[in-house]
Amino acid sequence: MKIIILGAGQVGTSLALSLEGEDNDITLIDSDPKRLAYIQDHLDLRTIVGHAAHPDVLEKAGIDDTDMLVAVTSSDEVNMIACQIAHSLYQTPSKIARIRSSNYHDKSEIFTNNHIPVDVVISPEKLVTEYIERLVDNPGAFQVLDFANGLVRLVAVKAYYGGPLVGNALAEIKQHLPNVDTRVAAIFRRGKPIVPTGHTVIEADDEVFFLAAKKHIRSVMSELQRLEKPYQRVIIAGGGNIGQGLAKRLEKKMLVKIIERDAQRAEELANNLEDTLVLHGDVSDEDLLNDENISEFDLFIAVTNDDDANIMSALLAKRLGVRKTMVLINRTAYVDLIPGHEIDIAISPQQVTIGSLLTHIRRGHVSSVYSLRRGAAEAIEAVAKGNEQTSLVVGRAISEIALPPGTSIGAVVRGEEVIIAHDSVIIRKDDHVVLFMIDKDYIQDVERLFQVNVTYF
């Protein structure tokens, strides 16, 4: 595909990195020449300095025969205008825009070809809020991903001493959980991937990615670690869009307090939230945290727009006795360095957003994509189309499908039925197939598997 990416911030750069090497023709546009020079030194792509919405800049990038425009600058308005120009002047087939403001999202009817021609609207704040909520709902997991409208989940946990399955082979899961069907999709041991078999023995500190129906997640987790109690009392540091959205989602399920530094914003939060206690103050104020009995809380979630404030406030909260901490980290390089004894989970908004973007970029009938381990691995939900003559998967047992190296099928969703993958399972038309790839260099091979021969049409 020929793709133009507008904006060389964290999301734009991460997307370019994810697509590099996949036989795509990528051009990256930004107004900062130093940033582009740095990117060009590290990535094999074309860069252009200029205003992302100016026609002459877009023409220089080759907009007239571009397959897709991805507008992810820091300005909603620039992103929308760029899509409008791409549609009106150049008939660009596919246009994706990152839109942050909820004012625009509340009026989604404007995003049509007759008004503002954006084919796909991406909201980072909404995606991150939903992602954090899934983590809150599954204590002990460091990644929780939904497939097939939430019917099946991919959950990542760290195996600990004391977990019944730790020190035992994966084949023993069925003995431990005779009424639960699950599939371990991948194991990362000391940072390196292992393709699991029934003989693979789980070791303490392994990162285990498993698939199961939503209702069975807690049962499987109990085999890998001592189950944590559900969170009941939560403090959110930062009352921006993510903090407010998260409080709205959690306040009906548990006790929620939110700390906001700006007095005017704190007042807005108090008016917009029903059952959340809004506190005006500094998230790193030790006296404030002690006054609010931080030691009695289960979870501290730091989601301000300042990485340093998030890290320091979470460290302080942990020292003062909070049970678990989650922090939002915008600097991608920090994400793998931060989690440890004091900070339990680090969340990268770029990695969460990239998955949503990749869903609309991948070829074949792909309905969900999640980027894992900073883009090294991917989890994909693809829909089987065609028939035995036009498809490489329909009508074939999983054992007969030529999967690329390091790729495994974890589950098949057929209507409302979740079928955990076994060699004898036969793929049918319209099945949702969940795949796990430990090496995304083979993504094109996976895409080809789910592309339908032209005779199907």
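Trainee: At what angle do helix α9 and helix α10 pack, and how far apart are their axes?

Mentor: Before the answer, please note that this is a predicted model, in which local features need pLDDT of at least 70 and side-chain atom pairs count only at pLDDT 80 or more, whereas totals for chains, interfaces and linings use all residues. Residues are numbered from 1 along each chain as its sequence is written, and side-chain values use heavy atoms, with hydrogens and water left out.

Mentor: Helices (H or I, at least four residues) and strands (E, at least two) are DSSP runs, numbered from the N terminus. Axes are lines fitted to C-alpha atoms, for helices over the stretch in contact, and angles run from 0 to 180 degrees between N-to-C directions. Here α9 (residues 241-250) and α10 (residues 263-272) pack at about 25 degrees, and their axes are 11 Å apart.

Trainee: How is an angle turned into a word?

Mentor: Angles under 35 degrees count as roughly parallel, over 145 as roughly antiparallel, 65 to 115 as roughly perpendicular and the rest as oblique. Therefore α9 and α10 are roughly parallel to each other.

Trainee: Which residues make the contact between α9 and α10?

Mentor: Contact means heavy atoms within 4.5 Å. From α9 come N241, Q244 and K248, while α10 supplies R265, L269 and N272. For classes, Ala, Val, Leu, Ile, Met, Phe, Trp, Tyr, Cys and Pro count as nonpolar, Asp, Glu, Lys and Arg as charged, and the others, Gly among them, as polar. By that scheme, the contact of α9 with α10 has 1 nonpolar, 3 polar and 2 charged residues.

Trainee: At what angle does α6 pack with α9?

Mentor: The angle between α6 and α9 is about 45 degrees, with axes 9 Å apart, and that makes α6 oblique to α9. Among the residues that meet there are V128 and I132 in α6 and I242 and L246 in α9. This contact of α6 with α9 has 6 nonpolar, 3 polar and 4 charged residues.

Trainee: Now for the sheets: what is the order of the strands in the open sheet of 6 strands?

Mentor: Strands of a sheet pair through backbone hydrogen bonds, either parallel or antiparallel. Two strands pair if DSSP finds at least two bridges between them. In this sheet the order is β3-β2-β1-β4-β5-β6, with parallel pairing. Since β3 (46-49) and β6 (120-122) stand at the edges, each with a single partner strand, one side of each is left without a neighbour in the sheet.

Trainee: Over how many bridges do β1 and β4 pair?

Mentor: Strand β1 (residues 2-6) and strand β4 (residues 68-71) pair in the parallel sense over 4 bridges, and L6 has A71 in β4 as its bridge partner. Helix α4 (residues 76-90) packs on this sheet, touching β1, β4 and β5 (94-98), and its direction makes about 170 degrees with that of β5. Helix α14 (residues 349-361) lies across β1, β4, β5 and β6, running at about 170 degrees to β6.

Trainee: Which strands are at the edges of the open sheet of 5 strands?

Mentor: That sheet has the order β7-β8-β11-β9-β10, with antiparallel pairing, and its edge strands are β7 (141-147) and β10 (192-194), each pairing on one side only. Between β7 and β8 (residues 152-158) there are 6 bridges in the antiparallel sense, and V144 has V155 as its bridge partner in β8. Helix α6 (residues 124-137) packs on this sheet, touching β7 and β8.
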